Amino acid sequence: LYMKAQIKERRTRILLTLFLLGKDKAHDIFNEKIKKIFSLPADSPRSRGTIRQMMHDEVITKEDTGTYVITEKGQLELALSFPLVRFMLFPWDGKFRILSYEIPEKKRSLRDALLREVTGWGLGPWHRSFWITPHPIIPELKSLMSKDELQEYVQAFEGVQVVGEEKVLIEKVWELSKLEVVYKKTFKMWHTVLSEEKTGKEEKMQQVVNAFLEVLKMDPGLPKELVGKQWIGFEAFEIFQEMKKILMSA
């Protein structure tokens with residue numbers, strides 16, 4: 001399990017790096033500067049094996065120059081770990097997915113395994129053991145269900161909201177007001193980093209990336225139809241792109 005987690009982390013980190021560097025361009029993920037800034041794994045047989053598997057799975061492609069590009073399939077895979085990615089790229093179908101599970105205490109390890117797997121799917125707690133997300137995660141959930149004994153304890157549904165105040169639902173489930181506070185703290189931290197005179201660009205960018213990843217993990221990645229075009233998460237991504245231009249320039 002630990003090795004599987006390591007492989008998944010390595011793969012996700014590579015996808016995220018290619019996305020943050022610019023999804024429409026090829027990038028050298030074995031460049032020492034990029035590896036350091038984005039905490040990529042060392043160039044090793046294991047890392048090369050991960051790259052080959054990712055190419056086979058068509059989540060990345062390799063250019064003649066030896067650089068790599070994340071594909072649309074790769075972006076969709078990345079969205080399962082960092083949900084903010086999905087609706088920045090793809091339209092929302094207007095549907096919610098509801099996941100319900102009742103796993104007995106004696107099978108607590110099974111419940112914990114389920115929660116680990118669905119972390120990053122943009123799920124928020126509606127009620128106890130009753131979770132909701134606008135992300136189209138049913139195919140991934142079915143795949144997960146087919147692998148173990150979870151089928152006995154899990155139910156899932158999808159549909160549209162027909163009664164109730166949407167804003168009330170969003171705040172109750174995802175507590176975006178608290179997440180907004182975290183984003184604002186991140187902005188302040190970024191400003192402080194940029195103001196440091198004795199720190200080099202590379203180290204500054206590394207701090208910016210690490211802080212961004214922490215808040216990205218928390219963002220459920222709700223579509224603009226639910227949070228509005230001015231959602232602070234979208235703003236954060238734009239600010240990050242500007243800081244990248246400044247700090248990664250020659």
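Predicted model: local features only at pLDDT ≥ 70, side-chain atom pairs only at ≥ 80, totals over all residues.
Start with R13, in helix α1 (residues 2-22). R13 is buried, at 18% relative accessible area. Its side chain comes to 3.1 Å from the backbone oxygen of F38. Beyond its neighbours within four places in sequence, R13 contacts F38, S39, L40 and L213.

Next, salt bridges. The model has 15 of them. Select K35 and E32, whose side chains form one at 3.0 Å, N to O. Both residues sit in helix α2 (residues 32-37), 3 residues apart, about one turn of the helix. K35 is buried at 11% relative accessibility, and E32 is exposed at 56%.

E202 is partly exposed at 28%, as is K36 at 43%.

Move to E158 and R97, a salt bridge with closest N and O atoms 3.1 Å apart. E158 lies in strand β6 and R97 in strand β3 (residues 96-101), 61 residues apart. R97 is buried, with 4% relative accessible area, while E158 is partly exposed at 44%.

Then select R11, D57 and E77, which are linked in a network of salt bridges.

Finish at V160, V162 and V163, a nonpolar surface patch with about 340 Å² of accessible area together. V162 is in the loop between β6 (154-159) and α8 (166-174) and is exposed, at 74% relative accessibility.

Technical notes. Residues numbered from 1 in each chain as written. Heavy atoms only, no water. Patch = residues over 30% accessible without salt bridge, like charges linked within 9 Å, V, L, I, M, F, W, Y side chains within 5 Å. Areas by Shrake-Rupley, 256 points an atom, 1.4 Å probe, with all protein chains shown as cover. Salt bridge = Lys/Arg side-chain N within 4 Å of Asp/Glu carboxyl O. Helix = DSSP H or I, 4+ residues; strand = E, 2+ residues; numbered from the N terminus. Buried < 20%, exposed > 50% of the residue type's maximum accessible area, 1.4 Å probe, protein only. Polar contact = N/O pair within 3.5 Å; in protein donor to acceptor, adjacent residues only side chain to side chain. Contact = heavy atoms within 4.5 Å.
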